[in-house]
Amino acid sequence: MSDMRALRAGARVVKPPPLLALGDAKSPALVERFRALTLFAEHPDAARAARDMARTTFRDWGLASLAEDARLVVSELVSNAIHHTSPDKSLTSPGALRRIDLTFRGWPRWIFIGVTDEDSTPPMLPLGEVFSPALIENLPEALLPDSGRGLRIVQALTDAVWWVPGANGGKTVVCRFDLGADRLGNGTHEWSE
């Protein structure tokens, strides 16, 4: 819809902030980007939709070199929410679909991905938190836990991973990509639409 038709229809037209190179930014808020998607765990295409959104978001934001890493990270986090969570009784009613919220927040130097589910149970710690990394190579495979490997992948591909309990239940697992010279070549980045 054109701006004029939107104004005639009573809709408010909001212009995006101007695009700035990282070095030109006076305030990080001027170049913030945000996208969100609500998924339902019982839908057979939920994980695929999340992966597709991750790839599209990173490419749209001029971060094609990180798109596949983001896609894998989102796949692991959303799959964990689909397969390993049970909603808190206070957040759901019998027979209701399990909600998963996926968010992408971009700043000049970081990208944050958040996956929120309705289960207050903390995520399983990555394997390195259970066994010393020096011991893992010497342990027989039978001793290694089957769970926690997905978060280990997320931890390896991102610069930080943490979780936050929800105010009324549930939790959000958050990860951060740092957008430094090692990831973006010369260290500069310009957002694209």
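Helices α2 and α3 (residues 67-84) pack at an angle of about 150°, their axes 8 Å apart; helices here are DSSP runs of H or I with at least four residues, strands are runs of E with at least two, and both are numbered from the N terminus. The axes are lines fitted to C-alpha atoms over the stretch in contact, with angles from 0 to 180 degrees between N-to-C directions. The two helices are therefore roughly antiparallel, the term for angles over 145 degrees. This is a predicted model, in which local features need pLDDT of at least 70 and side-chain atom pairs count only at pLDDT 80 or more, while totals for chains, interfaces and linings use all residues. Residues are numbered from 1 along each chain as its sequence is written, and side-chain values use heavy atoms, without hydrogens and water.

Residues of α2 in contact with α3 (heavy atoms within 4.5 Å) include Ala 47, Ala 54 and Phe 58, and those on the α3 side include Val 74, Val 78 and Ile 82.

Phe 58 also takes part in aromatic pairing, defined by ring centres within 6.5 Å, with planes over 60 degrees apart counted as edge-to-face. Phe 58 and Phe 104 pair edge-to-face, at 6.5 Å centre to centre and 75° between the planes. This pair joins helix α2 (residues 46-60) to strand β2 (residues 99-106), across 46 residues. Both Phe 58 and Phe 104 are buried, that is, under 20% relative accessible area with a 1.4 Å probe and protein chains only.

Phe 58 and Phe 177 form another edge-to-face pair, at 5.5 Å and 70°. Because Phe 177 lies in strand β5 (residues 171-178) and Phe 58 in α2, this pair ties together parts 119 residues apart in sequence. Phe 177 is buried as well. Phe 58, Phe 104 and Phe 177 form one aromatic cluster.

Methods
Rings of Phe, Tyr and Trp (its six-membered ring) pair if their centres lie within 6.5 Å; planes under 30 degrees apart count as stacked, over 60 as edge-to-face and the rest as tilted. Buried means under 20% relative accessible area, exposed over 50%, partly exposed in between (1.4 Å probe, protein chains only). Angles under 35 degrees count as roughly parallel, over 145 as roughly antiparallel, 65 to 115 as roughly perpendicular and the rest as oblique.
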